[in-house]
Amino acid sequence: MTETIQQKQRLLTGDTPTGRLHLGHWVGSLENRVQMQNDYDCYFLIANVHAFTTRMDRPAEIHQSVMDIAIDYLAAGIDPDRSTIFLQSEIPAIAEMTFFFSMLIPYPRLMRNPTIKDEIRDKGLGENYPFGFLLYPVGQVADILVFRPQVVPVGEDQIPHLEMTREVARRFNQLYCHVDPHTEDADYIKKGGLFPVIEPVLGRSKRLVGIGPPGLDGNLLKMSKSLNNAIFLSDDPDTIKKKVMSMYTDPNRLKATDKGRVENNPLWIFHETFNPDKTWVAEAEARYREGTIGDVECKRRLIDVLVAFIEPMRERRLQYEKDLHYVKNVLREGTAKANQVANQTLMMAKEAMNQRYF
C-alpha cells in the first residue's frame, strides 16, 4: 500500500524594514509565525523595496534595517531550517507580477484603501508622495500571490491590503483561468485557478498601543518606532525600566489612593497582554479601581514581566550580531529558494495569460 504524504500549506508574510522589531510586531504577527513553523511551509519576506516609498533618500538606513529585521527574526525564534527568510529586491518575479496585477486594480479602488489614507495622514505626506507610494499596495499583492500561499499572518492594520489581494486573486482566476465567478473562495484552486484566495491570520492582540499619551483625537496611538512609543525586542533591562516607568497611565489619578481607570490604560493593556499571572492581573486591576495599589508597584511588576520575556531574545540577538556572515548566508539561501517558487508562479501566470512565447 502506498502512503500518501500530506503536503503542508504554504504561509507567507513579512515586514517593511523601518528599524528593529517591537512588542507590537510580536503580538500582531511574529508570535504566530514562530508558533506556526512546524505546521506550515513558511516564507518570510523582508520588503526592502517598499521601504523606498517613504525613504528613497536614505538607502544606507534601509540596508541597516534589513539586517536588523533579519537578526530580530532569528532572535525571536524563526528557524531557517524550517522557514525561508528572503529579500524582496532579489526576487525579480515580484516586480513583473506587480505590473500585471496593476492592470487588475482600478485606481479608485486603490485610493479607497484606508491604510493608504492613514499613512498619507500619519506620515504627513500631503500631496508630495511619489508614485511608488501608490504602487506599493499593488506590489504587496504581488509579494503575496507570487508565492501562492493559503494563509497570511498579519496585524489588523494590514487587512485592507489582504482584501485587495483576495480581490486580485479572484479576478485573475476568473479572467485568465476561466473560473466561474460564483465559485467559493476555498474552491478556486480546485476549479482550475492559479492563485489561492488567501486567508488572513490575526494575532492575539490586534493593535498594541504604545507607551505614550493619546493622540489629538483622544485615542491611544498604535506602538510605532516613528512615534517614539515602542518597546523593542532588543531593549536591555535598563531601557525597559525607563520606558515602563515613563508609561502613560490614568492622567486623573494623582496619587496611589485615587481610584484609577483600567480601561484604555496602557499599563493594564500591557499586563493583560504579556503578564502570564492572570490571577495577579485580575486582583491588581480590582485594587487599582479601588485606589489600593499604586502605579509604581504595578509598573515594577510589568518591568519584571517584560524583562523576563525580552531578555532571552536580546541575548540571542547579541550572538547573531557577532556572526553577520551567518545571517547573510541565511538570507542568501532563503532568497535562492524563494526565487524557485516565484519563478514557477510567474511561468504559470504567463501561461494562463497566453504570454509564453518560447
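Which residue's backbone nitrogen lies 2.8 Å from a polar atom of the side chain of Asp-72? I looked this up first, and the backbone nitrogen is that of Leu-21.

**Ground rules**

I am working with a predicted model, where local features need pLDDT of at least 70, side-chain atom pairs count only at pLDDT 80 or more, and totals for chains, interfaces and linings use all residues. Residues are numbered from 1 along each chain as its sequence is written, and side-chain values use heavy atoms, with hydrogens and water left out.

**Entry: Asp-72**

I found Asp-72 in helix H3, residues 59-76. Helices here are DSSP runs of H or I with at least four residues, strands are E runs of at least two, and both are numbered from the N terminus. Asp-72 is buried, because its relative accessible area is 3%. For that term I use under 20% relative accessible area for buried, over 50% for exposed and partly exposed in between, with a 1.4 Å probe and protein chains only.

I then listed the contacts of Asp-72, leaving aside neighbours within four places in sequence: Arg-20, Leu-21 and Arg-317. Contact means heavy atoms within 4.5 Å.

**Entry: salt bridges**

My search of the whole structure gave 27 salt bridges. A salt bridge is a side-chain nitrogen of Lys or Arg within 4 Å of a carboxyl oxygen of Asp or Glu.

I looked at Glu-163 and Arg-170, whose side chains meet in a salt bridge at 3.8 Å, N to O. Glu-163 counts as partly exposed because its relative accessibility is 31%.

Next I took Arg-253 and Asp-295, where the salt bridge has an N to O distance of 2.8 Å. This pair links distant parts of the chain, 42 residues apart: Arg-253 sits in the loop between H9 and helix H10 (266-274), and Asp-295 in helix H12 (residues 295-321). Are these two partners buried or exposed? Arg-253 is buried, with a relative accessible area of 8%, and Asp-295 counts as buried at 15%.

I also noted the salt bridge of Arg-289 with Glu-263, with the closest N and O atoms 2.7 Å apart. Here too the pair links distant parts of the chain, with Arg-289 in helix H11 (residues 278-290) and Glu-263 in the loop between H9 and H10, 26 residues apart. Arg-289 is partly exposed at 38% relative accessible area, and Glu-263 is partly exposed at 43%.

Back to Asp-72 for a moment: salt bridges that share partners join Arg-20, Asp-68, Asp-72, Arg-317 and Glu-321 into one network.

I placed Ile-46 in strand S2, residues 41-46. Ile-46 is buried, since its relative accessible area is 0%. Ile-46 and Phe-86 are 40 residues apart in sequence, yet 6.2 Å apart in space, C-alpha to C-alpha. With neighbours within four places in sequence left aside, the contacts of Ile-46 include Pro-17, Val-66, Tyr-73, Phe-86 and Leu-331.

Ile-211 turned up in the loop between strand S5 (199-202) and helix H9 (237-245). At 9% relative accessibility, Ile-211 counts as buried. From Ile-211 to Asn-228 I count 17 residues in sequence and 8.8 Å in space, C-alpha to C-alpha. Beyond its neighbours within four places in sequence, Ile-211 is in contact with Asn-229, Ile-231, Lys-243, Met-247, Tyr-248 and Phe-270.

**Entry: H4 against H7**

I checked how helix H4 (residues 92-102) and helix H7 (residues 131-145) pack: the angle is about 120° and the axes are 8 Å apart. Axes are lines fitted to C-alpha atoms, for helices over the stretch in contact, and angles run from 0 to 180 degrees between N-to-C directions. Among the residues making the contact are Ile-94, Met-97 and Phe-101 of H4 and Leu-135, Val-138 and Leu-145 of H7.

**Entry: positive phi**

Most residues other than glycine have a negative phi, so I looked for exceptions. Arg-148, not a glycine, has a positive phi of about 45°. Arg-148 lies in the loop between H7 and strand S4 (151-154) and counts as buried at 16% relative accessibility.

His-178, also not a glycine, has a positive phi of about 60°. I found His-178 in the loop between helix H8 (159-176) and S5, and His-178 is exposed, with a relative accessible area of 68%.

Notes
A polar contact is a pair of N or O atoms within 3.5 Å; within protein, one must be able to donate a hydrogen and the other to accept it, and residues adjacent in sequence count only if both atoms are side-chain atoms.
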